[in-house]
Every structure is written in C-alpha cells, then in structure tokens.
Amino acid sequence: MKLFRFPQDQSRCDAWIRAVRREIWLPNEYSMICQNHFISGKPSRFPNNPDYVPTRFSFKSVSAAREESKSVRYERLQARRRRHRYESQEQGEERRETVTEIQQTPELPEDDDVDLPNDELELTAGENAEPSDDIELPGQGINVELLELVDIKEKLFHTETVLNTNKEDLRKANEKVAMLEECVKSASQAAEMSDVKCKEAIEMLRKAEEEKISLMRQNHQGSSLALKIQNDDSKTCLLTGLPLYDVFAVLVTHFTPLATAEKSLGSGLSLADELLLTLLKISQAVPNQLIGCIFDIHETKVTKIFHRWVDVMFQALQPLVVWPDKGAIIEHMPSCFKPRYSKAVCIIDCSEVFIQRPTCLKARAQTYSNYKSHNTVKFLVAITPTGAVSFISKCWGGRVSDRHLTVHSGLLRRLRYGDLVLADRGFDIADDLAMVGASLAIPPFTKGKPQLSQREVEFSRQLSNVRIHVERAIGRMKYYKMLHSTLPISLIKRDHETEFATIDKVVFVCAALCNMHPPLIA
C-alpha cells in the first residue's frame, strides 16, 4: 500500500481537499491519501491527467470501465498533442525557410509593369496573410496569463466553504472580480489590448482576490471566541482566570510584538484566540481534544500553541514577579504586621502539584511525597506583606525537604541585613538566614515539652494570623486548575539545552497573573 502526501502547490492542494469532501477540515503535514483513490494507483503531475486529483471514493459510484475510459481518452489526447506539436514544428521550419528566401531576393525597381513569378507572388501573399512563429502580436501572451486566473479562483473555493463570511461584502467583492475577468477575457478574444495593459488588469484582479480573502478572514475573526467574551468580565474570569476583560485586552496588546516575532504556526486563529486558548488550558485544565473542538483545530496544534504562548508569557511577565525594595515594603506595610512584624519582608511556604508516576525508578523515588502519598513536584513561594508574589523557585521533586529547597532556591541571595522572614515549623533555616544577617520567625516546637507555655501559645496565634496569607496566595494560584490537577510527564521533563521546564514556566505565569488581581491584604 502506497501513501501520498498532499501536494505543496496550493491550488492543487485545494483541488485535493475538494475531492475528499470533508467538511471544515484542512490537511496537515501528516495527512496522506492511499493509492486506492487514484485510477493508475499513483498521482500525476500533469493537470489534464485523470490522476492529477484523486477521484476514486466510496461516495462516488463510477464504474471501472468509465474510469478506464478516462485514462484511454487522456492517452489519445496526449498522442494528438504530440502529433500536432510535431506538425507545427515542421510548418514553422518551412515558414522560416520561406522568409529566408524572400530576404535573399534582390530588390526590384518600383515599376507597376514589372511582373514577378507566380510562385513568388504566392509566397509573398502567404507571408502577409499568416505570420510566422517568431513574430509576436499584441495580446499573444494573454492566454498564458489567463491560466493563472484559474489557480486564483481555485484557491478561494475551499476558503469560502470553511470561513464564516459576510455575504454582502463577498457579493461586492465577487462582482468586482467578475468585472475584471470580463475585461481580461474580452481583451484576449479581440486582441485589442497590449500585453502590458493585460498584465496590469490581471494584477488588479489579483489584488481584488486578496481583498476578498482579507474580508473573509476578518469575518472569520468576528466569530472568534475572543470577541464573544469582549466586555464581559464574568466570562473572561471563567475562561482565563483574569479579573476583567480589560486586563485580557492589555495582555493581548503587550504580547503581540513577541508573538509576531516568532514563526507563525499556521493555526488560522488570531493572536487573541491563541492567548485565550492557552489561558483556558491553564485556568480550567481543559483536555487538548476538547480545546481542539472548541477552536476547530487539531489537538497537535493545541499543544504547539500552548507551548509557544507559555514561552511568550514567561518572557513577557518577568517584571510582574519582582523582589521589592525595603523602603517600598515598609511604606505599604499592612496594619496587621506593624505591631510585631514591622521588619518582615516576606512570608514563605512550599506547595506541591500532582504528576503522573514516572517510569524511571530513580525519578519515581525523587518525586514521591510522603506528605501527599503521591508523586509530586514542589516549589517555593514567597509573598510580600501585602500578599503579592515576590519570588517563585523552580520545581523540585516532591521528596525534597522544605529546608533544602529554600537554601538552594536562590531566596537567600535576595535577603539583606535586618530582614525578617515568616515561615512554618518545617523551615528550620535560622542558621542559614543568620549567614546573611536575616532572622526567622516560626511557631515554637513542642518536642521535649509536655505543652506550650502561655507566652508561646500567644506567639503562635499572632504569627499564624499573618502567616496564613501565604496560604491564601497559594490558594489563589491553585485557582488555575492546571496546578490543581495531575500533570503529564511531558510538562515535567527539561531539555539539557533549556534552563526551565514547562512546569516551571506555568507556575511562574500563574504567579504573575495572580499579581494582576486586587491586593490580597488591604
């Protein structure tokens, strides 16, 4: 069984698509047609050949004798063309010889009484009546140019059936195209227009066709999902996790330069729809198959669009997750921190996300979390006293301890002398913070004590009242359901050439988007 890819030539590819008769479908680089759909068992590169386009399908009731007759007729046509070409060449050689003989004839004096031989008179009349192949008349190249009009019209056939177009605009565009076609055809038939003018008319026709395609694409974008949520904050929050539609519009404008700088994926979606697709997958953890049905694209395109836009957002949203200046923290310090924790610069905690169980035993052991009884990845979150995420670490295996993750995450390099860090009991990093001149506030331990003293209980209660805000910030991040579901291994793997895995970028993007919400602590 032989398989043949769809041709790269756009006009021929459109003819194949029309022959297949699939509604709202476009072939990708992996689409193929088997030999059973061709009369001779393989496609032909000649337009007049019956196998130039696949013709044998189950929805066509064509007998084998009729299909065979098509091949026979094509062979007869080719034979006649070869014979006609051979005869034309012989006639052209005879005419060239005649012209040569006439040029070599000596000039005669202008006298009405001079008679020429009859055969020379016949040759002269024949030369004047029928030009040779070497003589080019105005409009001779028009027929060749007209063949291009067929390709232009065929390219539009499938586009009109797939895109949701505005009928009134298309009607006007079709009238314009038809008018130009009539001008070119009449010029070809009467040979009254020169080649230059004919080419100008055909160029005008091409521009009209391009305007028509542009209109269809604009109307297709008018039915996009991104425009359906326009100025609707509730739908925007549901599909993207963003608080307002205006925020989504600002992101589209901000990401456009980076997105257009990269190579187009040929998805047929607008940049707003591609961004909406990515945010929908992050916020609602929608499967690729369902997203493909919503946006009418293949699931492989969904994966490519998602990874591309995660890279774009990870790069563009870097300024939203920054370590603030100490003066700015003190200036915006909430009232609940001022009595006891006025020197606090951050509250830290770790969070975990479920992943699929790796097949590698070493990776399975490194990612198994005893706390969650599941394979997970763990990351460190640091927030300011106002609740904004100021630091996000890379993702580690769920087996790593909170202390080891904090020490090796790069957080200590952000701290300065006199800073206070609030954390839970698991963060026994007082000695590590002392190396940079910072201090740690954690609840007291009950190990070796029958119970906590009254002073320790009061200290734990007051610390818990402010430390709980980091749990709220992580809960806001987990509003994006992708961090609340079981992630595939493909998002966890990291190439040796890249510094960040896809899950690292997704976690950072979720933190940056959370910082676009209203302040967590007033």
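Predicted model: local features only at pLDDT ≥ 70, side-chain atom pairs only at ≥ 80, totals over all residues.
**Cores**

The largest nonpolar core holds 95 residues. Six of its members touch the most others: Phe255, Leu275, Phe337, Ile348, Leu422 and Met477. Helix 18, residues 502-514, supplies the largest share of this core, with 10 residues.

In general, nonpolar side chains tend to be buried together in soluble globular proteins.

Which residues does Leu275 touch, not counting residues up to four places away in sequence? They are Phe248, Leu251, Val252, Phe255, Trp309 and Met313.

**Helix 8 against helix 10**

These two helices pack with their axes 7 Å apart. The angle is about 70 degrees. Helix 8 is therefore roughly perpendicular to helix 10, since angles of 65 to 115 degrees count as such.

| Helix | Residue range | Residues in the contact |
|---|---|---|
| Helix 8 | residues 233-240 | Leu238, Leu239, Thr240 |
| Helix 10 | residues 271-284 | Leu276, Leu279, Leu280, Ser283, Gln284 |

By type, the contact residues divide into 5 nonpolar and 3 polar. No charged residue takes part in the contact of helix 8 with helix 10.

**Pro257**

Pro257 sits in helix 9, which spans residues 245-261. Is Pro257 buried or exposed? Its relative accessibility is 53%, so Pro257 counts as exposed; the cut-off is over 50%. Pro257 and Val312 are 55 residues apart in sequence. In space, their C-alpha atoms are 9.9 Å apart.

Note on methods
Residues numbered from 1 in each chain as written. Heavy atoms only, no water. Core = buried A, V, L, I, M, F, W, Y, C linked by side-chain atoms within 4.5 Å. Buried < 20%, exposed > 50% of the residue type's maximum accessible area, 1.4 Å probe, protein only. Helix = DSSP H or I, 4+ residues; strand = E, 2+ residues; numbered from the N terminus. Contact = heavy atoms within 4.5 Å. Axes fitted to C-alpha atoms, helices over the stretch in contact; angles between N-to-C directions. Parallel < 35°, antiparallel > 145°, perpendicular 65-115°, else oblique. Nonpolar A, V, L, I, M, F, W, Y, C, P; charged D, E, K, R; others polar.
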